[in-house]
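Here is a colleague's note to read beside the model. Please keep the 3D view open while going through the points.

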Amino acid sequence: MDSLGLDKAVFELSEAISPKIECTDCGNCCKSLMVNIDEEEANNLSAHLGQTRAQFDENYLDKGESGRMVVNAIPCHFLVGNSCSVYEHRFAGCKEFPAFHIPDFNKRLFTTYMHYDRCPIIFNVLETLKIDTGFKQPNI
Ligand code: SF4
Ligand code: SF4
C-alpha cells in the first residue's frame, strides 16, 4: 500500500470508528497530553473568559525561552468531568487529535503508536488496519 492509499485507509477507518466511541466517556487526551497554544488562540480564549492576557497567561500557561506556550496543567485546566468547558474555543491541537485526517500518516506512525493505549479511536483504527492490510490475521 502506498502513502496515499494508507492515508485513505486510516481516514476511512477513523470515520467509521469515531462515531462509535464517545469521547465524553473517555477524555484521556485532555487528561494526559501537553497542549501547545499560539498567540491567537490565547487571545481568543482569554477574551472568551473575560481575562486580560496577563491574567490568562499567569493562570494557565507556561512559556519556554523559544516562545513556545503550553497549558501549565495536566489534566488540562479546562476539562470538567470528561468534557471540554471551552469547547468552541479549544485549541488547534485539541481539534486535530487523533489526526487521522492529516496526510502522510506513514510519517506519524511512531507518534500515533505513542497514543495507542490512551485513545480508543487510535487503538481500534490501528487494530483494524492491521487486519485489513493482512499484517494481523483475525483469528490470531
Ligand atoms: S482545551 Fe478542552 S479539548 Fe483541549 S485539552 Fe483542554 S479540555 Fe481538552
Ligand atoms: S483519547 Fe481519543 S477517544 Fe479519548 S477523548 Fe481523546 S480523542 Fe476521544
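1. Ground rules. This is a predicted model, in which local features need pLDDT of at least 70, side-chain atom pairs count only at pLDDT 80 or more, and totals for chains, interfaces and linings use all residues. Residues are numbered from 1 along each chain as its sequence is written, while chains are lettered from A and ligands numbered from 1 in the order in which they are written.

2. Domains. The protein chain is assigned domain 1 (1-32 + 97-133) and domain 2 (34-96); such bounds come from an automatic or database domain assignment. Their C-alpha centres lie 24 Å apart. Each side gives 10 residues to the contact, where contact means C-beta atoms, placed from the backbone, within 7 Å. On the domain 1 side, 5 are nonpolar, 3 polar and 2 charged. Here Ala, Val, Leu, Ile, Met, Phe, Trp, Tyr, Cys and Pro count as nonpolar, Asp, Glu, Lys and Arg as charged, and the others, Gly among them, as polar.

3. Core. The largest nonpolar core has 18 residues, and Val35, Val71, Cys76, Ile122 and Val125 touch the most other members. Such a core is a set of buried Ala, Val, Leu, Ile, Met, Phe, Trp, Tyr and Cys residues joined through C-beta atoms within 7 Å. Buried means 20 or more other C-beta atoms within 10 Å of a residue's own, exposed 12 or fewer, and partly exposed in between. H2 and H7 each supply at least two residues. H7 gives the largest share, 4 residues. Domain 1 and domain 2 each contribute at least three.

4. Ligand 1. Which residues surround ligand 1? They are Cys30, Val35, Cys76, Phe78, Leu79, Cys84, Val86, Arg90, Phe91 and Cys94, taking C-beta atoms within 6 Å as near. By class, 9 are nonpolar, none polar and 1 charged.

5. Ligand 2. Its shell includes Cys23, Cys26, Cys29 and Cys119, along with Phe97, Pro98 and Arg118. Helix H2 (28-32) and helix H7 (120-132) are the elements giving two or more residues. Helices are DSSP runs (H or I, at least four residues), numbered from the N terminus. The shell holds 9 nonpolar, 2 polar and 1 charged residues.

6. Phe56. This residue sits in helix H4 (residues 53-60). Phe56 counts as partly exposed because it has 19 C-beta neighbours inside 10 Å. Leaving out residues up to four places away in sequence, Phe56 touches Ala42, Leu45, Ser46, Leu49 and Gln51. Its C-alpha atom is 29 Å from that of Cys119, 63 residues apart along the chain.

Notes: Contact = placed C-beta atoms within 7 Å.
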